[in-house]
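Let's take a walk through this structure together, stopping at a few places that are worth a look on your screen. Have the viewer open and follow along.

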Amino acid sequence: MREQSRGGAPEVSPALRELLAADYLTDEERLALRVDHGLWEEGDLATPAMRAKAALIAGAVTDPVFDDQSVDPLDRAEAALRRGEPERTLELSGNDASLRAAWLRAQASFDLGRFTDADDAVQPVVDRMVGEKIENAGELADGVRALMIRATIRGSAQAKGGDYQTLKTILERARDELDRMSWRVRLVEGELLYDKHNSADAAAALAEVLTLNPRCAEAEALLGRIAVDGFAFEQAEQAAIDLDRLADSFGQPSADAALIRGRMRLRQRAPAGAAEIVGPVREKLPHQRALLALDAAIAASAFDDARSRRLLAEFEELAPGSPVGVFEVGRWQAENRQYDDAIATLRKATIGLEHWSHPWIELGLVLIQAGRDQEAEAALEKAVSLDPFNARAKNSLELVRGLKDFTTVESEHFVVRYLPGIDKILAKEMLPVLERIHARVCADPEKVPGGIGYEPAQKTLIELMPSHRWFSVRITGMTRVHTMAAATGPVIAMESPQEGPEFTVGPYDWPRVIQHEYTHTVTLARTRNRIPHWFTEAAAVYNEDGPRDEQTWRLLARVFHTDALFDLDEINTAFVRPKQPTDRAQAYAQGHWMYQFIIDRWGPSAPVKLMDRYAAGEAEASAFEAELGVSKDEFMSAFRGWAQADLRRVGLALPEDVPSVVEMLKADRREAADPDSVTPDMAFVERWRAQYPRHPELIELLESLRLLEVNDEKEARLEPDVVDTLELLADVVPVAEQPHRLLARHYLAGENRVKAIPHLEFLDAREQNSAVYATELARLYADQGEWAKAQRKAERAAEISPFDADVREFAARVDLKIAVDGDHSAFADAERHIEALTVLEPGVELHKRRLERVKEMAGG
């Protein structure tokens with residue numbers, strides 16, 4: 001045996017070790033237990049019977065031992081089933097009356113698409129479990145597996161998932177009363193929990209399996225699948241490694257390892273990699289159903305529709321009428337946002353097994369993502385009636401029913417849907433802003449860099465959600481996600497920018513956020529949803545038209561200097577499964593940076609040319625070669641050189657041959673009589689500044705030393721030398737924000753308040769969650785009589801905080817001033833803000849009187 005010990009494997013149960021050491025066991029009994037619990041030793045597998053049992057546990061189902069006539073026929077039958085030879089399983093299980101044989105016959109018939117035969121095969125299980133008290137835990141586990149097949153075929157025989165409770169009770173009795181050492185019971189418990197969408201408890205049950213049988217391939221395989229579901233790719237890969245090791249100890253390949261890695265590659269948007277993994281194993285197991293279905297899904301994910309159809313036809317030939325292969329393809333089409341294809345495919349998958357909930361769940365969820373809510377409601381009602389355990393389906397059904405209470409306003413390119421009430425204030429104001437966003441995002445890239453040069457064929461639906469819970473369910477089917485807005489393609493959902501416990505963010509710069517999300521809508525439409533994750537995010541961040549904040553610049557500088565930039569594969573994974581707390585932020589920032597590099601190096605049309613290649617189904621590597629003339633590795637190498645120059649431009653990287661502050665200190669200490677006396681003090685700074693007067697690290701150190709001399713940190717006014725240092729730092733490190741904050745505070749506290757304006761403008765351009773800077777700027781511009789600028793800033797403040805009465809009040813005053821001075825178009829804006837005040841403060845009669853007066857003035 002060539003198997004090595006597995007790293008990180010659960011400790012074997014002490015109770016199991018105690019059992020194996022029991023004096024009352026004969027040598028034959030002890031041997032049988034060792035093999036059954038995956039603890040066989042060298043020499044234990046001398047007979048074909050024992051080798052077959054071990055190979056079955058290890059997932060080595062292609063081992064030649066299963067051709068040996070002396071091996072238990074049911075072990076041979078199960079191996080045949082797992083190889084994709086259900087006809088052989090039926091032959092070998094024969095007329096055996098055990099529950100295991102009945103389960104094997106039922107599963108074999110199911111895999112052949114003979115659902116009536118599969119259902120009939122379960123009936124003896126029902127008869128035995130009802131008619132007699134079964135005292136064998138393993139038999140009960142096999143019986144539950146058979147009953148799960150019947151539930152798939154017939155649906156739940158009891159209301160509200162009662163079948164699950166019945167099966168759970170059977171397993172609990174087997175586990176707690178009959179055999180606490182039975183790993184098979186816990187394995188089936190894990191399978192049942194996973195089928196009912198309870199992955200956390202399923203994983204716990206499977207982990208317990210491995211304490212009772214550390215070589216159980218079925219437990220490892222399902223743990224690997226759960227890991228892939230949760231984007232836990234390192235855990236999934238470890239499971240695949242363990243499965244390979246188990247099968248290889250018998251000199252055989254692991255189909256389960258290939259399935260895990262294949263699904264993992266698909267989640268990473270790498271269908272070519274998935275095909276490389278699955279192909280060789282399929283050659284050895286051409287009829288294995290899960291591998292064949294996944295292969296068809298891989299072809300669909302690579303947009304090779306002809307091959308996908310051919311493989312599905314092959315599946316149909318093996319299992320006439322079975323929806324299993326079609327469902328696998330539809331599920332991955334949905335994940336890849338191929339909405340029309342996914343909907344058509346999943347509708348087909350609902351036909352073969354009318355009581356199977358999985359296709360209905362996925363169909364309902366993808367219909368929601370596509371914005372087809374009426375169709376989604378019907379599908380989700382069916383899904384929930386079949387499976388009340390799926391939280392995403394239940395939440396989403398509640399959502400689509402609740403959306404019936406919403407109303408809409410429309411413009412040329414948008415429909416805004418909102419719940420009547422306070423959100424009406426914002427909904428009515430959104431349309432002109434949205435049309436402005438449309439013009440910018442859809443522009444010709446040669447005229448407006450970042451423009452996508454494409455318009456969606458249909459109006460985009462913007463849903464203004466009245467709470468974070470509503471928003472989250474709309475996007476994921478669950479009640480909490482990490483953002484406040486998201487696009488699924490034709491639908492953009494956003495959390496209303498209100499304060500309160502129902503909201504996660506409060507006020508925010510929704511036009512910037514929607515400009516980001518609408519870029520997703522347009523890029524997905526242009527590419528038929530065939531675009532690398534990082535690339536669509538990069539385009540969206542670029543099109544926000546907002547400057548990168550200092551925190552993001554510092555993050556980019558850190559990962560550059562520590563050689564921690566993502567490559568073009570790692571960056572996609574970082575969005576969905578970050579390893580470090582900063583990975584997702586880095587993925588957004590680095591993607592944006594690389595997008596800037598592409599435009600700078602290859603021109604503003606280069607991104608959309610890449611998009612058109614993605615739309616045609618071309619892989620990223622070949623698209624880069626064709627449009628940019630570089631490989632992915634060459635791209636990253638060139639990008640690093642460009643990025644270093646960009647960091648130098650903003651003072652976050654030093655020019656060649658310029659020492660850092662750390663190197664300066666080392667140099668001084670080498671020459672000093674007392675090295676410990678050399679510190680980064682003012683004398684040190686001035687000495688080195690004589691040679692490097694604009695050294696960014698020295699200026700930052702100088703700022704820190706100057707601020708230490710400030711007696712009262714709360715004192716707004718600063719000494720002239722501190723002001724000079726802050727002004728210098730703002731010039732040398734143009735992304736630094738603290739100098740602008742301190743200088744703005746300094747000038748606002750003095751007589752010449754207007755000098756705060758450039759610093760407030762700097763801060764306001766980067767602020768996304770507060771109207772404080774915009775409001776202050778509006779007041780300063782108004783004080784200077786620059787009413788047009790005051791109006792723009794007052795309007796920006798009202799966009800960020802549309803439900804703030806004080807912000808609305810000031811904006812209305814600015815508009816009225818402009819209108820009275822001759823620009824009567826401003827009356828409409830004043831009217832809009834005052835009308836909002838009547839909703840925000842309905843008890844204030846003055847607002848109503850002012851509204852009537854403004855209407856009169858506008859009409860006169």
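The tour below starts at a serine and then turns to charged pairs. Please keep in mind that this is a predicted model.

Begin with Ser 93, which you will find in helix α5, a helix covering residues 86-93. Is Ser 93 buried or exposed? Its relative accessibility is 2%, and because buried means under 20%, Ser 93 counts as buried. What surrounds it? If you set aside the neighbours within four places in sequence, Ser 93 is in contact with Leu 74, Ala 77, Ala 101 and Arg 105.

Now for the charged side chains.

How open are the two partners? Arg 372 has a relative accessible area of 28%, so it is partly exposed. Asp 340 reaches 58% and is therefore exposed, since exposed means over 50%.

Next, look at Arg 694 and Asp 731, a salt bridge whose closest N and O atoms are 2.9 Å apart. Arg 694 lies in the loop between α34 (682-689) and α35 (696-708), and Asp 731 in helix α36 (residues 720-732), so this bridge ties together parts that are 37 residues apart in sequence. Arg 694 is partly exposed, with a relative accessible area of 46%, and Asp 731 also counts as partly exposed, at 45% relative accessibility.

Then move on to Glu 856, which forms a salt bridge with Arg 853, with 3.5 Å between the closest N and O atoms. Why are these two residues separated by about one helical turn? Because Glu 856 and Arg 853 are 3 residues apart in helix α43, which spans residues 845-859. Arg 853 is partly exposed, its relative accessible area being 47%.

Definitions and conventions
Residues numbered from 1 in each chain as written. Predicted model: local features only at pLDDT ≥ 70, side-chain atom pairs only at ≥ 80, totals over all residues. Heavy atoms only, no water. Helix = DSSP H or I, 4+ residues; strand = E, 2+ residues; numbered from the N terminus. Buried < 20%, exposed > 50% of the residue type's maximum accessible area, 1.4 Å probe, protein only. Contact = heavy atoms within 4.5 Å. Salt bridge = Lys/Arg side-chain N within 4 Å of Asp/Glu carboxyl O.
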